[in-house]
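Trainee: I would like a close look at a single part of this model. Please take me through it step by step.

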2 protein chains.
Amino acid sequence: MKPNWLMLVLGVLAVPMAGRADPARQLLDVPAKALPVPTADISPGMQAIIARPLNPDWNKLWKTGEEARAYADTQAAQTVKGIPAMLERLHVKSEASTLDGVRVHVITPETMPDTNRDKVLIHVHGGCYVLFPGESGTTEAVMMAGLGRYKVIAVDYRMPPEAYFPAALDDAITAYKAVLKNTSPSNVAFFGTSAGGALTLEMVLRAKQLGLPMPGAIAPGTPMSDVTKTGDTFHTNEQVDNVLVSRDGFCDAATIVYAKGHDLSDALLSPVNGDMHGFPPTILTTGTRDLLLSNTVRVHRKLRRAGVAAELVVFEGQSHAQYQFDNTLPETEEAFGEIAAFFGEHLGH
Amino acid sequence: MKPNWLMLVLGVLAVPMAGRADPARQLLDVPAKALPVPTADISPGMQAIIARPLNPDWNKLWKTGEEARAYADTQAAQTVKGIPAMLERLHVKSEASTLDGVRVHVITPETMPDTNRDKVLIHVHGGCYVLFPGESGTTEAVMMAGLGRYKVIAVDYRMPPEAYFPAALDDAITAYKAVLKNTSPSNVAFFGTSAGGALTLEMVLRAKQLGLPMPGAIAPGTPMSDVTKTGDTFHTNEQVDNVLVSRDGFCDAATIVYAKGHDLSDALLSPVNGDMHGFPPTILTTGTRDLLLSNTVRVHRKLRRAGVAAELVVFEGQSHAQYQFDNTLPETEEAFGEIAAFFGEHLGH
């Protein structure tokens, strides 16, 4: 389309108006500050987690699946060392298995309330779509099984370099379809944190596309619901969140590796852009220092605007996902207790 | 008690341990930054409010009730000019009256759903216990009456220099007692924002002390629940919140004037310190840039830990109380819509 005289006139008018009226152009200068560690209503163990210096690996900017996987494998070797003690402490069994070809861990508490026996939770782990392969991705599932007393299927979805978008989502949906063979959808919940929170939302969007039934409830924890760096706390909590640290850090790089050229604003990568009408009851969890606080509250608002029963939990002082960093802390018990109570209220209807 | 040798030994040991182990001593350095105005999922009108420069009066540090009142009167004269148009637009009537000697405005929507006819909401306005005298304190009550279609009694409580702590709370409780003469407590709700959010919580604590029945529900908006400057977002959102701006600003000075030497950590001034067992269902509202985000989420966590049905609404990008700055914005409709729906669900049981 060629410019005509009207467009030129409007163009001339638009320049001064945009300069004056577009609020996005105005910047608020915030001076440097030194933040003390908050202590009120926070356990000593969580205070120590909040007091940690910035994640030293925050600016590892992997360019390939192989690079990301090398880091992931080293980290996973450390993570799995802590799992036997966690299983013992929480009285939970974990067994590697497959569901229609998808690798899973089946995680079962030693004892379960009768009302939980016909329920199945499907867990999708976090780690920016590249971290926590194999058993290292099951820690949150173990906490949920142990603290919430539910059977959990933890999906060990394919990650780069084994596979790229939408492999993680495909594997999670395959697991859901397999669970549906023996379980009523109203007795199934999805949950996960960070990339797992995004996958939880993406599973529901994908289930809608495929005409699959809705699960009974979902619990996306601090979801990577917008990976286009859109959201106010990407700015306000930059270098305040000691886990993710920056919107230009490892998690952004990892997501670009996983997306492999796919449009990052696609609702199956940035689920805040999806249509949330008809979503099941949803409980969201985040913290006041979380870089993804905005990613979380935007989903909450969007769900509520769509008429969905949705609850929001915000922990004082916590950065990204810290409510599941240490299974022995009261905040961890509280976070999973809230989710378990929400599932107890909404599953089975 | 005199120190003995054991205490001295422990004292010597305590010094290096405290230096190493006390997380509150560690500071996180956050560099200066320039924040863009967030736009995603935010109406243009709210973007303009978020884009405003820092409140130019943020560091007015009144020392006396007279000083604060002079400012309040000037501000009130401006505020009341907008009220007739708001009443007309929202189809609401407002009438000055008294209830057992307490000044109130009775605010009634032209039409009401049948289920709301036997319900009464008691409103306590904000303004750091010194601002918004007379009709200027009714704007939020008018929005609630108009957007929620409930009858609202707005309490024009005494403020400095007319009276000091606990006069505001006493007046609000007198109004509650008067309402109870004709209304079942389960049909009564309390609500308010900022100091009004704190007063909402303080009214419930005081009702417990006095053995009065609990109201059916409450809606404290971004409550001044801790006026001892405790709470993480007093730091993280300093000079990010363009309304309150700083924990050392006008609102702190005003509260000290109102408290007139009373202990600021008393639960009737810092209600986060109160015992919240037995509280009625509660919905809390705040924003990601709110200096009182922590004051709000700490109350939410404390209520949930006490087993209370409590919901949290966090608006993207908003600073303190901005969800009630402009009655024509979709975010305002949404905030009062959430509260009205919550009251609809919980009142009358």
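Which residues is B:Ala172 in contact with, leaving aside its neighbours within four places in sequence?

Mentor: Keep in mind that this is a predicted model. Start with your residue. Leaving aside neighbours within four places in sequence, B:Ala172 is in contact with B:Val124, B:Val155, B:Tyr157, B:Leu199 and B:Met203. Now place B:Ala172 in its setting. The largest nonpolar core has 180 residues. A:Ala172 and B:Ala172 are the residues with the most contacts inside that core. As a background rule, nonpolar side chains tend to be buried together in soluble globular proteins.

Next, look at where the two chains meet. Chain A gives 47 residues to the contact, and chain B gives 47 residues. On the side of chain A that touches chain B, several elements each supply at least two residues, among them β1 (27-30), β2 (33-36) and α8 (233-236). The largest share of that side comes from α10(A), with seven residues. Sort the residues of this side of chain A by kind: 21 are nonpolar, 13 polar and 13 charged.

Strands also link the chains. β1(A) pairs with strand β2 (residues 33-36) of chain B. The sense is antiparallel, and there are four bridges. Take one of the partners: A:Leu27 has B:Pro36 in β2(B) as its bridge partner.

Helix α4 of chain A, residues 83-90, is hardly covered. Among its eight residues, the count of buried ones is zero. Just after α4(A) comes A:His91, with a positive phi of about 55°.

Methods: Residues numbered from 1 in each chain as written. Chains lettered and ligands numbered in written order. Predicted model: local features only at pLDDT ≥ 70, side-chain atom pairs only at ≥ 80, totals over all residues. Contact = placed C-beta atoms within 7 Å. Nonpolar A, V, L, I, M, F, W, Y, C, P; charged D, E, K, R; others polar. Pairing = 2+ DSSP bridges. Core = buried A, V, L, I, M, F, W, Y, C linked by C-beta atoms within 7 Å. Buried ≥ 20, exposed ≤ 12 C-beta atoms within 10 Å, placed from the backbone.
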